[in-house]
Amino acid sequence: MKNIGLFILITCLYFSCKPKDSTVATTNKKEVAQLPYFNAADFTPEWEKGNHKIPDFSFINQNGDTINNNTYKGKIYVANFFFTVCPSICPKLTKNMHGLQETYAKDSEIMLLSHSVMPWQDSVQVLAQYAANNNVVSSKWNLVTGNKDSIYHIARTGYFADEDFYKTQSKSDFIHTENFILVDKEGHIRGVYNGTIDIDIQRLERHIKILKTEV
């Protein structure tokens with residue numbers, strides 16, 4: 001009897017102390033990890049779908065084509081911000097975006113979007129040369145330029161990509177961010193990653209796999 005009572009006690013303690021993972025839900029008797037939603041610049045994870053979506057945009061890519069929300073409609077995509085003459089973090093960001101391009105080369109659900117934060121320098125011709133130098137596949141990865149105010153506005157209010165802006169509120173500050181932003185098929189932000197760190201790229205790829213299970 002003592003042994004039975006001890007077994008019951010240990011069993012109860014195990015299940016009462018077992019940690020609960022809020023990122024896991026049960027669907028069709030299978031455990032499927034879920035990604036949170038990010039609806040504000042502080043990137044606080046929220047488990048209910050919020051109202052924030054990437055706002056409407058229209059830019060020009062390395063081929064001179066217009067790129068807008070419809071280009072990415074129904075797609076999972078990774079967005080970032082760069083400029084072609086950046087000597088510091090941008091080469092690493094571009095290298096890792098290229099790695100994603102190769103990883104998802106045959107996956108039509110996944111696309112990439114890189115915005116120039118120096119559009120007065122990065123013309124279509126400059127982007128075209130940069131794309132050629134970095135083996136960019138246009139059907140998978142758009143490098144875009146356009147109106148500076150429009151790019152900076154969407155960076156700050158759409159992708160929450162400019163941390164310094166929320167500290168200084170200075171619209172004239174130059175945007176320089178290492179963030180990769182994961183956007184789902186409905187335009188919601190579902191993850192943010194340091195695009196210069198390999199382990200974060202691996203985490204991004206795991207999260208893309210999770211996002212692909214959503215219906």
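## Basis of the description

Buried denotes under 20% relative accessible area, exposed over 50%, and partly exposed the range in between, with a 1.4 Å probe and protein chains only. The model is predicted: local features need pLDDT of at least 70 and side-chain atom pairs count only at pLDDT 80 or more, whereas totals for chains, interfaces and linings use all residues. Residues are numbered from 1 along each chain as its sequence is written, and side-chain values use heavy atoms, with hydrogens and water left out.

Strands (E, at least two residues) and helices (H or I, at least four) are DSSP runs numbered from the N terminus. In strand E10 (residues 179-183), 5 of the 5 residues are buried, so the strand is largely enclosed by the rest of the structure. In a regular strand the side chains alternate between the two faces of the sheet. Both faces of E10 are covered: Asn 179, Ile 181 and Val 183 are buried on one side, and Phe 180 and Leu 182 on the other.

Strands count as paired if DSSP finds at least two bridges between them. E10 pairs with strand E7 (residues 76-82) in the antiparallel sense over 3 bridges, and Tyr 77 stands opposite Val 183 in E10. With strand E11 (residues 189-194), E10 forms an antiparallel pairing over 5 bridges; here Ile 181 stands opposite Val 192 in E11. The hairpin of E10 and E11 has 5 residues between the strands, and in it Gly 187 takes a positive phi near 90 degrees.

## Aromatic pairs

Rings of Phe, Tyr and Trp (its six-membered ring) pair if their centres lie within 6.5 Å; planes under 30 degrees apart are stacked, over 60 edge-to-face, and the rest tilted. The structure holds 6 aromatic pairs. In one of them, the rings of Phe 43 and Phe 160 have centres 6.0 Å apart and planes at 85 degrees, so the pair is edge-to-face. This pair links distant parts of the chain, 117 residues apart: Phe 43 is in the loop between strand E3 (37-38) and strand E4 (45-46), and Phe 160 in the loop between helix H4 (148-158) and helix H5 (163-168). Phe 43 counts as buried at 17% relative accessibility, as does Phe 160 at 8%.

Phe 57 and Phe 59 form a stacked pair, 5.9 Å centre to centre with 15 degrees between the planes. Phe 57 is buried at 8% relative accessibility, and Phe 59 is buried with a relative accessible area of 3%.
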